[in-house]
Amino acid sequence: MSIDTLRAQYEAFPYPARNPADEKKRLITGSPSHLDEVNHNVFGGRLDHARPLRVLVAGGGTGDGTIMIAQQLADAGNPGRVTYLDLSDAARDVAEARAKARGLTNIDFRRGSLLDLGALLEEGGPFDYIDCCGVLHHLDEPAAGVRSLAGALKPGGGIGLMVYAPYGRTGVYPMQAALRTIAAELPPKEQVALARRLIERLPTSNWLLRNPFINDHKQADADLYDLLLHSCDRPFTVPELAELAAAGGLAIAALVDPYRYDPAVWVKDPRVLKRLDGLSRLERAAWAEQVTGSMTKHIAYLVRPEDAEGAVARPDGPEVVPVLRDLDGAAVAKGLPPGGVLEAELMGAVVPLPLPRLAGPILARVDGRTSLGAIHQALAEKAGPLAWDAFLAQFAQLFTALNGVGKMYLRR
């Protein structure tokens, strides 16, 4: 696949399909690169917003990751800047229009390839954080992409990436091959029209039709093209992702969301789980991927091996500040009995989250500003003596459950 072929696709179909006017109604958030998630999984919760954060979005497309982190940096008062990089002028036009609609002035838009970052490094030096979402699996040599990104990373920095996973995309790759046979020589828009004709006439035995985790082909033309007509697309298992990271001299600091990769979430038989004793974190994650069969992608944060120990924040001291994401702690606390259970949707399944006795009183005080020490003191003043260790054990159980499904992070 040539760079020109890749550019031509995204000129014809900027991806993902976005309308800049929608910025007046909402901010699209996701993973990787949600600022609280980055702080938690790369900087150990220690991000100082008085210090400018230098960010690169490598393969920015129509701007989802760029707009999200630029807006969140602005909201946090961080004076840093975001560099958007993409091959497609059409995609960049959409991203720029979205930034303009929001009044964001902390983004520098550049055209280019992540395989050639020399000019950006000469212009401003290495980056604290790099977003590379949905790009590496479209390169002929993904390892070369990782090496290029790692070479642009400051010491102590990290990379947030997303790559496709194979098992949850069952049916996608045979359909890509089938369409390549009949549509490869057609112009992009004719390829899409022919693909839609074929999809409407597929036999019921077709695995794409039977896969409940894939629906991009039912959406905009850009989504269909990216799913079924892409000129280069290869998925990664967990071990292959680890190998990809290592090719750039990096290690996986975190996989998002942790419960996706926890065998005990999916298999409740202790005798089966006992057989996994002794496996490493990534070996257990690989087993969970094989068993669930529903993972369509992997979202990971990569750091240099020497930085891995302190990259992910831990609930280990009174100065730690819990932060909720897409969850109203006070509202949840009102209806939560002591030792209650919350339910979360995870890869199409409803997962119960058993909570500790003090989950409600703790959640009622989580506002993104109050430290664990202050929450502990408030609970002790209201309900009587409460040892710090006992409180921390209760919070750790709550944190494990909510962080497991991407609803809680930590700051310091």
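Predicted model: local features only at pLDDT ≥ 70, side-chain atom pairs only at ≥ 80, totals over all residues.

Mentor: Leaving aside residues up to four places away in sequence, Ala99 touches Ile67, Leu104, Ile107 and Phe109. Glu240, by contrast, is 141 residues away from Ala99 in sequence, and the C-alpha atoms of the two are 35 Å apart in space.

Arg98 and Arg102 belong to a network of salt bridges that also links Arg18, Asp22, Glu23, Lys25, Arg26 and Asp64. In total, the structure holds 25 salt bridges. One of them joins Arg51 to Asp128, with 2.8 Å between the closest N and O atoms. Arg51 sits in the loop between helix H2 (35–42) and strand S1 (54–58), while Asp128 sits in strand S4 (residues 127–133), so this pair ties together parts that are 77 residues apart in sequence. The two partners can also be described by their accessibility: Arg51 counts as partly exposed because its relative accessibility is 41%, whereas Asp128, at 5%, counts as buried.

A further salt bridge is the one in which the side chains of Arg110 and Glu123 meet, at 2.8 Å from N to O. Arg110 is part of strand S3 (residues 107–111) and Glu123 is part of helix H5 (residues 118–124), so here the parts tied together are 13 residues apart in sequence. Arg110 has a relative accessibility of 28% and therefore counts as partly exposed, and Glu123, with a relative accessible area of 52%, is exposed. Glu200 and Arg201 form another salt bridge, in which the closest N and O atoms are 3.3 Å apart; Glu200 is exposed, and Arg201 is exposed too.

Within H6 (residues 142–150), the buried residues are Pro142, Gly145, Val146, Ser148, Leu149 and Ala150. These buried residues pack against S1 and S4, and also against strand S5 (153–164) and helix H11 (238–247).

Turning to the whole, the protein chain contains 19 helices and 11 strands. Its radius of gyration is 22 Å, close to the 22 Å that the globule rule gives for 412 residues, so the chain is as compact as a globular protein of that length. Taken along the principal axes, the C-alpha atoms fill a box of roughly 75 × 50 × 40 Å. Among contacts with a separation of 6 or more, 79% are between residues 24 or more positions apart.

The chain carries 45 positive and 49 negative side chains, with the centres of the two sets lying 4 Å apart.

Technical notes. Residues numbered from 1 in each chain as written. Heavy atoms only, no water. Helix = DSSP H or I, 4+ residues; strand = E, 2+ residues; numbered from the N terminus. Rg over C-alpha atoms; globule rule 2.2 N^0.38 Å. Contact = heavy atoms within 4.5 Å. Lys, Arg positive; Asp, Glu negative; His and termini not counted. Charge placed at Lys NZ, Arg CZ, Asp CG, Glu CD. Salt bridge = Lys/Arg side-chain N within 4 Å of Asp/Glu carboxyl O. Buried < 20%, exposed > 50% of the residue type's maximum accessible area, 1.4 Å probe, protein only.
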